[in-house]
Amino acid sequence: MTDLHHRSTGPTIKRLKARADELKEEELARLLNKLGGAVDSRLRGEIEKAFDRLVNKLLHPPLESLRDEASQGAPHGLLEALKRLFRLSD
């Protein structure tokens with residue numbers, strides 16, 4: 001049953017990560033555009049890694065809470081809260 005509850009969180013987790021990646025890419029493009037040609041490939045890679053780490057650190061607590069709640073039963077309350085907080089559509 002726990003596995004079933006965990007699987008029910010999959011679509012929301014996928015949408016949350018996808019939305020975070022969209023926002024990351026938008027902000028990364030905006031920053032690199034402002035910096036112009038002053039960014040070499042090594043520096044660009046470091047900036048991209050920093051953005052990735054930031055997104056992962058921001059998403060880790062809500063996703064961990066969702067996994068914890070799913071292991072204890074149906075995580076409907078937290079799923080709905082995440083959908084509303086992050087404006088995730090079905």
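Mentor: R87 sits in the segment after α4. Helices are DSSP runs of H or I with at least four residues, strands are runs of E with at least two, and both are numbered from the N terminus. This is a predicted model, in which local features need pLDDT of at least 70 and side-chain atom pairs pLDDT 80 or more, while totals for chains, interfaces and linings use all residues. Residues are numbered from 1 along each chain as its sequence is written, and side-chain values use heavy atoms, without hydrogens or water.

Trainee: Is L88 buried or exposed?

Mentor: L88 is buried, at 11% relative accessibility. L88 too lies in the segment after α4, which covers 76-85. Look at its C-alpha atom. It is 6.9 Å from that of L16, although L88 and L16 are 72 residues apart along the chain.

Trainee: How many helices and strands does the chain have?

Mentor: There are 4 helices and 0 strands. From the N terminus, the order reads α-α-α-α. Of the 90 residues in the chain, 26% are buried.

Trainee: What should helix α3 span, and what separates its end C-alpha atoms?

Mentor: The expected span is 1.5 Å times one less than the number of residues. Helix α3 holds 32 residues, 41-72, so it should span 46 Å. Its end C-alpha atoms are 46 Å apart, which agrees.

Trainee: Where does α3 bend?

Mentor: At H60, by about 35°. A bend is the angle between two fitted axes, one for the seven residues ending at a residue and one for the seven starting there. A proline, P61, follows within four residues of the bend.

Trainee: Which residues of α3 are buried?

Mentor: I47, V55, L59, P62, L63, L66 and A70. G77 is exposed, at a relative accessible area of 54%.

Trainee: How many salt bridges does the structure hold?

Mentor: It holds 8 (a side-chain nitrogen of Lys or Arg within 4 Å of a carboxyl oxygen of Asp or Glu). Begin with K24. Its salt bridge with D21 has closest N and O atoms 3.8 Å apart.

Trainee: Why are K24 and D21 separated by about one helical turn?

Mentor: An α-helix has 3.6 residues a turn, so residues three or four places apart point the same way. K24 and D21 are 3 residues apart in helix α2, residues 10-35, which means about one turn between them. D21 is partly exposed, at 37%. K24 counts as buried, at 11% relative accessibility.

Trainee: Which side chain meets that of K24 at 2.5 Å, N to O?

Mentor: The side chain of D52, in another salt bridge. This pair links distant parts of the chain, with K24 in helix α2 and D52 in helix α3, 28 residues apart. D52 is partly exposed, with a relative accessible area of 32%.

Trainee: Which residue forms a salt bridge with E27?

Mentor: R30, with closest N and O atoms 2.4 Å apart. Both lie in helix α2, 3 residues apart, about one turn. Both are partly exposed: E27 at 38%, R30 at 44%. As for a network, salt bridges with shared partners join D21, K24, E25 and D52 into one.

Trainee: What volume does the largest pocket have?

Mentor: Rolling a probe the size of a water molecule over the atoms shows where empty space is left. A pocket is an open set of points where a 1.4 Å probe fits, on a 1 Å grid over the protein atoms alone, with protein on both sides within 12 Å along at least five of seven lines; lining residues have an atom within 4 Å of a point. The volume is the space filled by probe spheres on points joined across faces, edges and corners. Here the largest pocket has about 260 Å³.

Trainee: Which residues line the largest pocket?

Mentor: L16, R19, A20, L23, K24, E27, F51, L54, V55, L58, L59 and F86. The elements giving two or more residues to this lining are α2 and α3. The largest share, 6 residues, comes from α2.

Terms used:
Buried < 20%, exposed > 50% of the residue type's maximum accessible area, 1.4 Å probe, protein only.
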